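Hi,

Here is the structure I promised to pass on. Have a look at it first, and then read my notes below.

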Amino acid sequence: MIEIRFHGRGGQGMVTAAQVLAAAAIIEGKYAQAFPEFGPERRGAPVKSYLRISDKPIYTREPILRPDVIVVADQSLFRAENPLEGSKVSTILVVNGAYKAPLKTYYVDATSLSMKILGRPVVNTAMIGAVVRATDLVTLRSVAEALKKFFTGRLYDLNIKLVETAYQETVEL
């Protein structure tokens, strides 16, 4: 089982990012669960979301304390909390923007890409592309299919373009 913990701020779409990746895993015949950590969420407040992907049924429902992958959508969270808490030597960090960490790190300028493609700093689909690039947990093809459950028309077209662009521009630090 692969466990991913997403850190973001309300309005950046990290809950949706986990749900899209879960849907993509299910399309590929895997088991998946995605759920947010509930609290006083509001636009701009720190938010966590969790994703598990496995070849076997998943029965645990606890928050992810020892993640295999940590996704950070906003670097200011490193000052507000400790997104790396519980990381292992093998944990992969996927971060919006270059960030020096004691982990294998992949980064993408998700904010700039989102502004360029969507016209808004909603980085969820850019971070999906970065996660796929860093982990190969699911294919871009299944992500494209999963996105159809969340977006339609022009919004779908823009978001799939953002996923693909972020995938191409994600770099290992």
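A word to start with: contact, or touching, means heavy atoms within 4.5 Å. This is a predicted model, where local features need pLDDT of at least 70, side-chain atom pairs count only at pLDDT 80 or more, and totals for chains, interfaces and linings use all residues. Residues are numbered from 1 along each chain as its sequence is written, and side-chain values use heavy atoms, leaving out hydrogens and water.

Let's begin at Gly129. Leaving aside residues up to four places away in sequence, Gly129 touches Val163, Ala166, Tyr167 and Thr170. Gly129 sits in helix α4, residues 124-135 (helices are DSSP runs of H or I with at least four residues, strands are runs of E with at least two, and both are numbered from the N terminus). Is Gly129 buried or exposed? Gly129 is buried, at a relative accessible area of 0%; buried means under 20%, exposed over 50% and partly exposed in between, with a 1.4 Å probe and protein chains only.

Next comes helix α6, residues 153-169. Among its buried residues are Val163, Ala166 and Tyr167. The cover over the buried residues of α6 includes β6, α3, α4 and α5.

Now the sheet. Seven strands form an open sheet, ordered β2-β3-β1-β4-β5-β6-β7, with mixed pairing. Its edge strands, β2 and β7, each pair on one side only; two strands pair if DSSP finds at least two bridges between them. β6 and β7 run antiparallel and are joined by two bridges, and Tyr107 has Val171 in β7 as its bridge partner.

Happy exploring!

Notes: Expected span 1.5 Å × (residues − 1).
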